[in-house]
Amino acid sequence: MNKKMYETLEFNKLLHILEEYALSENAKNRIKNLEPYLSKSEVLRHLNETTEAKEIIENFGSPPLSGMYDLEKSLVLLGKGIMLLPEQLANISQFLTACRRLKRYLKKAEGSSTNVALYGNSIYDLSNVEDEINRSIRGDQIDDKASPALANIRRKITNTENQLKSKLDSLLRNKQDCFSECFVALRNGRYTLPVKKEYKNQISGTVIDVSQSGSTYFIEPAAARKLQEELNLLQMEEENEIRRILYVLTALVEEHLPSIRINIEAMECLDFIFAKAKLSINMKAVPIPVSAERKIEIKKGRHPLLKVE
């Protein structure tokens, strides 16, 4: 079939509609490059897949497929000594959740004796990886429960910050005339007091920042320096522990990469199959007899782009 016939039959327009039913980029690209099958066995195989997938959707609802957005960008970093970030690990976990749900969905459909349902057997259940990531990451951030050490460090950070703020608040109350504002200011990662320019020599400490107008000096009082240094050390410990956790999680994902790759392939294949089924349902399409004879006979046919009455 040449390009002119594609245009005449509006085959490309139909592919564009079909593409909208797919979620993953690879499935969309596969649809873009579709051409009519010339082998009877191929035609029958794909027709049967679409019919079976349509039956599964009608009996069990829409499949929990995944779009796998930016998944490949994270996976290509593995094996290079690069640490995955929390949002990247969370994205991988979401994909593994979709895989587990899709596997369960297809398991329910096995009773319908459809070959498409058997695709679920090729999907690996990686709940252990999914659970470990979810235990460690909440809202794209490392959770306190990721490790006992991290929970302990963060508890110390909170206590030290409270002590530091309490000391600074006490200075604010005792020397109110020296300050342009009645609050503790965080400047360059350090807790400071907003001292009026004319009183800057009356507050013992280190100037951390100066306001744009030059009228306010943000000073870290000497009385709070020890607590500030303690806080800085704790924050360094926190950062080191976070990096350790992320490297452990990255290694865990890398260990299961072959299985994840197989899951991606299965997800993309099923995305393609179910996209055709969804379009078939939308168009109220039905399978037709296939013949190897060099003729086409259409009875009560309707162009796929015509609205169903």
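## Close-up views of a predicted model

**Figure 1. The largest nonpolar core of the model.** In this predicted model, the largest nonpolar core is made up of 59 residues, and those with the most contacts inside it are L75, F95, V253 and F274. At least two residues of this core come from each of the helices α2, α3 (25–32), α4 (40–60), α5 (71–75), α6 (86–109), α7 (127–136), α9 and α10. Among these contributors, α10 gives the most, supplying 14 residues to the core.

**Figure 2. The position of S74 in helix α5.** The residue shown here, S74, is part of helix α5. Because its relative accessible area is 3%, and a residue counts as buried when this value is under 20%, S74 is described as buried. Leaving aside residues up to four places away in sequence, S74 touches L84, Q88 and I92.

**Figure 3. The packing of helix α8 against helix α9.** Two packed helices are described by the angle between their axes and by the distance between those axes. Helix α8 (residues 148–174) packs with helix α9 (residues 225–255) at an angle of about 155 degrees, and their axes are 9 Å apart. Angles over 145 degrees count as roughly antiparallel, and α8 and α9 are therefore roughly antiparallel to each other. The crossing of these two helices, α8 and α9, is left-handed. On the α8 side, the residues that make the contact include A149, L150, I153, I157 and L164, while those on the α9 side include L227, L231, L234, I242 and I245. Taken by type, the residues of the contact of α8 with α9 comprise 10 nonpolar, 4 polar and 8 charged ones.

**Figure 4. The crossing of helix α2 and helix α10.** The axes of helix α2 (residues 11–19) and helix α10 (residues 257–283) come within 9 Å of each other, and they cross at roughly 110 degrees. The contact is made by L14, I17 and L18 of α2 together with A275, K276, L279 and M283 of α10. Of the residues in this contact of α2 with α10, 6 are nonpolar and 1 is charged, with no polar residue taking part.

Definitions and conventions:
Residues are numbered from 1 along each chain as its sequence is written. This is a predicted model: local features need pLDDT of at least 70, side-chain atom pairs count only at pLDDT 80 or more; totals for chains, interfaces and linings use all residues. Side-chain values use heavy atoms; hydrogens and water are left out. Axes are lines fitted to C-alpha atoms, for helices over the stretch in contact, and angles run from 0 to 180 degrees between N-to-C directions. Helices (H or I, at least four residues) and strands (E, at least two) are DSSP runs, numbered from the N terminus. Angles under 35 degrees count as roughly parallel, over 145 as roughly antiparallel, 65 to 115 as roughly perpendicular and the rest as oblique. A crossing is left-handed if the near helix is turned anticlockwise from the far one by less than a right angle, and right-handed if clockwise. Contact means heavy atoms within 4.5 Å. Ala, Val, Leu, Ile, Met, Phe, Trp, Tyr, Cys and Pro count as nonpolar, Asp, Glu, Lys and Arg as charged, and the others, Gly among them, as polar. A nonpolar core is a set of buried Ala, Val, Leu, Ile, Met, Phe, Trp, Tyr and Cys residues joined through side-chain atoms within 4.5 Å. Buried means under 20% relative accessible area, exposed over 50%, partly exposed in between (1.4 Å probe, protein chains only).
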